[in-house]
Amino acid sequence: MNSRLATLRTLSRRKFVIDAASSLVMASILARARAASAPLGAVGSASAVAPDENAARINAATDAANHLMVDVHINGHGPYHFVVDTGADRTILASEVAGELGLSHGDNVMLKGVVRAVLTETVSIRTMTFGSITKRHLSVPTLSRSLLDADGYLGLDFLDGHRVTFDFHNHLLQVSEPRARFSANWKRENEARIHAPGSSGHLQALDCMVDGIPATAFIDSGAEVTAANEPLLAALARRNPDFRETGSIRLIDITGGEILGKVAMVKKIRLTAALTFTDCPLVIADFLVFDVWGLRQRPALLIGMNLLRQFGRVSIDYGLQELRFDLAVYRSSPKPLITMVD
């Protein structure tokens, strides 16, 4: 049991602690995540697509959970290793790094995690640089490195207004200016484009369907496993009387908060007519992150890295408010997690 817990602890910044009744379910989730990170082959043109010339291209390392981690410089010092988290409103710094740099303390703020909110200290940062982007005069909340499993997290306060591309095939992270409006209708071969309106970086795909249930989806690159809220679970149960949870897991977020989540399998998550995930495990609970995104009352899900890594590239354009998925997908099993529909 101890070795299993140690393995699960690396699954995500939302650390999963298993209940005895759900060992088979979590084994399935782990297997899918591992298969996605070690593709057997690629189909289509992903390997032939050149990175954008005007983008800041950053070689991305990975942590134990296969998050893309990038180098960040603070007040000219570093590099420090940060997770890029499109589901977090605020950038977070490890308190140990703040101490090493002698950063001055500011006001205490309430930091909202996936499970709970905690009061934490802020520190003042003169400059924070990531690639070609520099932010100045920041007030950043801090948490222990033991909770973050990184030197920090880059949140939407840093990423909003830019275009972020996760190039899983070439193991690169690209940050660039948003696309111009006139080029919005242009797309690469085998690329799906989804309009995602929102404000303050909260871009939401409004036409998502989960086993026939309308839902709102958003991308969370800090989450290893895709998660859903209680209204979606209730709607699925009403639509299909035979729908059942297959287990439960205890989740601990980066603030140290805990919640008991339910595990369920859904047959299809459809983002567009051309893009459908199949046989998807979901973790379902009353997550605080859905409150932060204004999605407490209606069916919603956050799309985690276990699904995102099925693509060659995923692009989030915060200026143009759209998502793009390279459909030159990795086929990691005889029955693919992604289905292309003509």
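These notebook entries record what I looked up in the predicted model.

**Ground rules.** I worked on a predicted model, in which local features need pLDDT of at least 70 and side-chain atom pairs count only at pLDDT 80 or more, whereas totals for chains, interfaces and linings use all residues. Residues are numbered from 1 along each chain as its sequence is written, and side-chain values use heavy atoms, with hydrogens and water left out.

**Overall picture.** I began with the secondary structure and found eight helices and 23 strands. These are DSSP runs numbered from the N terminus, with helices being H or I of at least four residues and strands being E of at least two. The protein has 342 residues, and 54% of them count as buried. Buried means under 20% relative accessible area, exposed means over 50%, and partly exposed lies in between (1.4 Å probe, protein chains only). The accessible surface is about 14,400 Å², with 51% of this belonging to carbon and sulfur atoms; the areas come from the Shrake-Rupley method with a 1.4 Å probe, and for residues only the protein chains shown count as cover. I then turned to contacts, meaning heavy atoms within 4.5 Å. Among those between residues at least 6 apart in sequence, 68% join residues at least 24 apart.

**Aromatic pairs.** I paired rings of Phe, Tyr and Trp (its six-membered ring) whose centres lie within 6.5 Å; planes under 30 degrees apart count as stacked, over 60 as edge-to-face and the rest as tilted. By this rule I recorded seven aromatic pairs. Phe277 and Phe311 form an edge-to-face pair, because their planes stand at 90°, with the ring centres 5.8 Å apart. Phe277 lies in strand β19 (residues 275-284) and Phe311 in the loop between α8 and β21, so this pair ties together parts that are 34 residues apart in sequence. Both Phe277 and Phe311 are buried. Phe311 also pairs with Phe325, and this pair is tilted, at 4.9 Å centre to centre and 50° between the planes. Phe325 belongs to strand β22 (residues 322-326), 14 residues from Phe311. I noted a relative accessibility of 0% for Phe311 and a relative accessible area of 0% for Phe325. Elsewhere, ring pairs link Phe218, Phe287, Phe290 and Trp293 into a cluster.

**Gln310.** I next examined Gln310, in the loop between α8 (305-308) and β21 (313-317). Gln310 is buried, at 1% relative accessible area. Its side chain reaches the backbone oxygen of Asn306 at 3.1 Å.

**Ala192.** Ala192 sits in strand β13 (residues 191-195). With a relative accessibility of 5%, Ala192 counts as buried. Leaving aside residues up to four places away in sequence, I found that Ala192 touches Leu275, Leu323, Arg324, Phe325 and Leu327. I also looked up the C-alpha atoms of Ala192 and Asp326, which are separated by 6.5 Å although the two residues are 134 residues apart along the chain.

**Cysteines.** I searched for disulfides, defined as pairs of cysteine sulfur atoms within 2.5 Å, and found zero. Cys208 counts as buried at 1% relative accessibility, and Cys280 is buried with a relative accessible area of 1%.

Definitions and conventions: A polar contact is a pair of N or O atoms within 3.5 Å; within protein, one must be able to donate a hydrogen and the other to accept it, and residues adjacent in sequence count only if both atoms are side-chain atoms.
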